[in-house]
Amino acid sequence: LIILDIGFDDLDDSKSALIIEVKNLSKYPTPVIFISKATDINTRLQAVRAGGDAYFSKPLNIGKLVDKMDSIIAHPVPDPYRVLVVDDNLFTASYYSVLFQNAGMLTTVVTDPFQVMHTIVEFRPDLILLDLYMEGCTGIELAAILRQQDAYVGIPIVYLSAEEDKEKQIEAMRWGADDFFAKSLPPEYVI
């Protein structure tokens, strides 16, 4: 952690660039907190442009400074996102499952839409990635079923489909999904 006491004219472009360079020397960027007598927006803007994570005006409230230091320095490891991939095509479902696993997420694949309810209870997903066109039960129908149950209203549903027609995508969204991704999207965007 770096704490810098600055004045109004202390941060020019070259000093800001140097601070950003120092901040990013390691794998985890070094947090920077600025302290100053100045309370104007220009000095605060200079601090933001220099990569500041926090800014405190003098006189300092030491308790707030320590709290901010604790929150900045603490690196809690978040639980990985849990994604339920529902697609009746095993190859497609497996592809997206591996894609998410490589990004550090936990996944479960369901190829039979009639097995989704049991899997949701067991897996407790943070997000459901749902194919639009499946045999026996479409993604729209499955989303509507899930949204009828209070326990599942808060789980985001994202359609992932080969459907490129924007009107059909918008119509599908009306049945309880939160977003719509075309399968033609680059994997980085989907992640």
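The model is predicted, so local features need pLDDT of at least 70 and side-chain atom pairs count only at pLDDT 80 or more, while totals for chains, interfaces and linings use all residues. Residues are numbered from 1 along each chain as its sequence is written, and side-chain values use heavy atoms, with hydrogens and water left out.

## Overall shape

Let us start with the whole chain. Its secondary structure comes to eight helices and eight strands; these are DSSP runs numbered from the N terminus, with helices (H or I) of at least four residues and strands (E) of at least two. The C-alpha trace spans about 70 × 35 × 30 Å along its principal axes. The radius of gyration of the protein chain is 24 Å, whereas a compact globule of 191 residues would have one near 16 Å. That value is taken over C-alpha atoms, and the globule rule is 2.2 Å times the number of residues to the power 0.38.

Of the 191 residues, 36% count as buried. Here buried means under 20% relative accessible area, exposed means over 50%, and partly exposed lies in between (1.4 Å probe, protein chains only). The accessible surface of the chain comes to about 11,600 Å², and 57% of it belongs to carbon and sulfur atoms. These areas come from the Shrake-Rupley method with a 1.4 Å probe, and for residues only the protein chains shown count as cover. Among contacts (heavy atoms within 4.5 Å) between residues at least 6 apart in sequence, 54% join residues at least 24 apart.

## Empty spaces

Now for the gaps between the atoms. Rolling a probe the size of a water molecule over the atoms shows where empty space is left. On a 1 Å grid over the protein atoms alone, a cavity is a set of points where a 1.4 Å probe fits but cannot get out; a pocket is an open set with protein on both sides within 12 Å along at least five of seven lines, and lining residues have an atom within 4 Å of a point. Grid points are joined across faces, edges and corners, and a volume is the space filled by probe spheres set on the points.

The largest pocket has a volume of about 170 Å³. Its lining includes Tyr81, Phe100, Met105, Asp126, Val158, Phe181 and Val190. By class, the lining divides into ten nonpolar residues, no polar and one charged. Ala, Val, Leu, Ile, Met, Phe, Trp, Tyr, Cys and Pro count as nonpolar, Asp, Glu, Lys and Arg as charged, and the others, Gly among them, as polar.

How many cavities of 30 Å³ or more does a search of the whole structure find? There is one, and the largest cavity has a volume of about 30 Å³. Among the residues that line this cavity are Val85, Asp87, Thr92, Tyr96, Leu130 and Leu160. Strand E4 (82-86), helix H4 (90-102) and strand E6 (127-130) each supply at least two lining residues, and H4 gives the largest share, three residues. The cavity lining divides into seven nonpolar, one polar and two charged residues.

## Individual residues

| Residue | Relative accessibility | Class |
|---|---|---|
| Lys68 | 31% | partly exposed |
| Arg124 | 55% | exposed |
| Val190 | 8% | buried |
| Pro31 | 13% | buried |

Val190, one of the pocket-lining residues, has its place in helix H8 (residues 187-190). Leaving aside neighbours within four places in sequence, Val190 is in contact with Tyr96, Phe100, Phe181 and Leu185.

Pro31 lies in the loop between helix H1 (13-23) and strand E2 (32-36). Beyond four places in sequence, Pro31 is in contact with Leu1, Ile2, Lys23, Asp53 and Ile72.

Lys68 is found in helix H3 (residues 62-73). The C-alpha atoms of Lys68 and Asp53 are separated by 9.4 Å.

A cis peptide bond joins Lys58 and Pro59, with omega about 0°, and Pro59 sits in the loop between strand E3 (54-57) and H3. Arg124, in the loop between helix H5 (116-123) and E6, has a positive phi of about 55° although it is not a glycine.
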